[in-house]
Amino acid sequence: MYSGEGLMFPFDYLRPQSVAEAVAAHDGEERRYLAGGQSLLAALKLRLAQPTALIDVARLPELSGIEAEPGRLVVGAGTTHAALAECREIAALARLAGSIGDLQVRNMGTLGGALANADPAGDHAAGVLGLGADIHTDRRIIAADDFFLGMFETALEPGELIVSVSYPRPRRAGYAKVRNPASGYPVAGVFVAETDDGVRVAVTGAAACPFRLTQFEMALAGDFSVAALEGLGVPAGELSRDLHASAEYRAALIPVLARRALGQGGEG
Amino acid sequence: MRVAFTLNGRNVEAETEPRILLVTLLREAFGLTGTHVGCDTGQCGACTVHLDGRAVKSCMVLAAQADGRSVLTIEGVAAKGENGGESLHPLQTAFRDHHALQCGFCTPGMVMSGLDLAAHLDSPDETAIRHGLDGNLCRCTGYRPIVEAIAQCIREKG
Ligand SMILES: Cc1cc2nc3c(=O)[nH]c(=O)nc-3n(C[C@H](O)[C@H](O)[C@H](O)COP(=O)(O)OP(=O)(O)OC[C@H]3O[C@@H](n4cnc5c(N)ncnc54)[C@H](O)[C@@H]3O)c2cc1C
Ligand code: FES
Ligand code: FES
């Protein structure tokens, strides 16, 4: 009846009303959660996946809203990149969200979907890792440091649903990236933060999985300034090489981006 | 499955399948062919419509995701006058004034993104408008007249 019919494999569509219903609807294997669809629908169009059903979680009330708590900002997993970009609570996080893809992608794509998707060039990975956020799921709390396991691979169990992300408020933080001009994804992106628990520096887009730069963190712990990074570099060895950039170029970008992120340096 | 939503201010219903895209439903069930398909991969923005007031790419949204929500397409942008006539929206007039369209293929998507920007930007800042148009490709105009048309619309809203 419709001409688009041949495109995606057929699937059922479910829209549960609560987290409990959504998790119960997931069989752990053949079904998939659907949030903004900005990554999942692209994969389905390419027939890279064949789920039997999509469980739409975008409108679950438990996944919505941004709450300012003392010392923390708790962001519902269903929050769109656009809503986070408009939230002034943590400026570096707003800047990060506002740099994702384009207007239309930001209006649909969600924080939870971006984290679960774990694209090696995902912007949100740098934010959660750089701030040391906690990822709250339907069954437990996962520290950002334990969340990303590899390319498109996370610590989430089959059927586990991200409900919210709790970010500590930084004293100072910044995010800088070099955008791929076509997609907006970072060729490399660096998030720098000084929180009550110390300094954190996280890199996305440059390897299979986001990572922290402990050497940079130690240097900045005593002196949170561009000068403290003098002479520090990153070896190209483990970094990605692809059609967008060589490993050596990414290695050269990272210290530059760290300095730019520090330069924004303003209040969280 | 059945979907029901508000389309250009009217309550509508349609029979569809879960895998049918919103753009396909709009074009084929409702005959609203102003929403174009340029790439079908989320790159070009020709299929941009508003979902609950925000610009989205309707080739990257399932028709099922619009169920119970509000959709605005280019056909719903002009104000309906008496006698069935229509008067252009100020942004459409600005597009005409600035020669912001040539072949017109990108135009519906540009207007829908432009309306989102006009509603949410406080000032007609060129950098912000260009950043806001990252998701809309135009092969003809070179973008400058489109940016100027959106800037004029923002200035007019004061
Ligand atoms: C043109 C374009 C440009 C883009 N540019 C960028 C960019 O510059 N930077 C960037 O970071 N991203 C970019 N993206 C990706 C975008 O950020 C997506 O929004 C994001 O990756 C996925 O979020 P979503 O809500 O759309 O998730 P979906 O596509 O709906 O889902 C993605 C995956 O997450 C799972 N999932 C969804 N929600 C949850 C949940 N709450 N708990 C557990 N699992 C869940 C789904 O089952 C699926 O496997 C771009 C996308 C497009 C189309
Ligand atoms: S047709 Fe939807 S973005 Fe190109
Ligand atoms: S006017 Fe021809 S593509 Fe924009």
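**Exercise 1. Work out how α3(B) passes α5(B), and which residues make the contact**.

Step 1: start with the handedness. The crossing of α3(B) over α5(B) is right-handed, meaning that the near helix is turned clockwise from the far one by less than a right angle. Helices here are DSSP runs of H or I with at least four residues, strands are runs of E with at least two, and both are numbered from the N terminus.

Step 2: list the contact, meaning heavy atoms within 4.5 Å. From α3(B) come M110(B), G114(B), L117(B), A118(B), A119(B) and H120(B), and from α5(B) come I146(B), I150(B), C153(B), I154(B) and K157(B).

Step 3: sort by class. You get eight nonpolar, two polar and one charged residues; Gly counts as polar, while Asp, Glu, Lys and Arg are the charged ones and Ala, Val, Leu, Ile, Met, Phe, Trp, Tyr, Cys and Pro the nonpolar ones.

A quick word on the source: this is a predicted model, where local features need pLDDT of at least 70 and side-chain atom pairs 80 or more, while totals use all residues. Residues are numbered from 1 along each chain, chains are lettered from A, and side-chain values leave out hydrogens and water.

**Exercise 2. Describe the make-up of chain B**.

Step 1: count the elements. Chain B has five helices and seven strands, in the order β-β-α-β-β-β-β-β-α-α-α-α.

Step 2: check the box. Along the principal axes, the C-alpha atoms fill roughly 45 × 40 × 30 Å.

Step 3: look inside. Buried residues (under 20% relative accessible area, 1.4 Å probe, protein chains only) make up 53% of the 158 in chain B.

Note on methods: Buried < 20%, exposed > 50% of the residue type's maximum accessible area, 1.4 Å probe, protein only.
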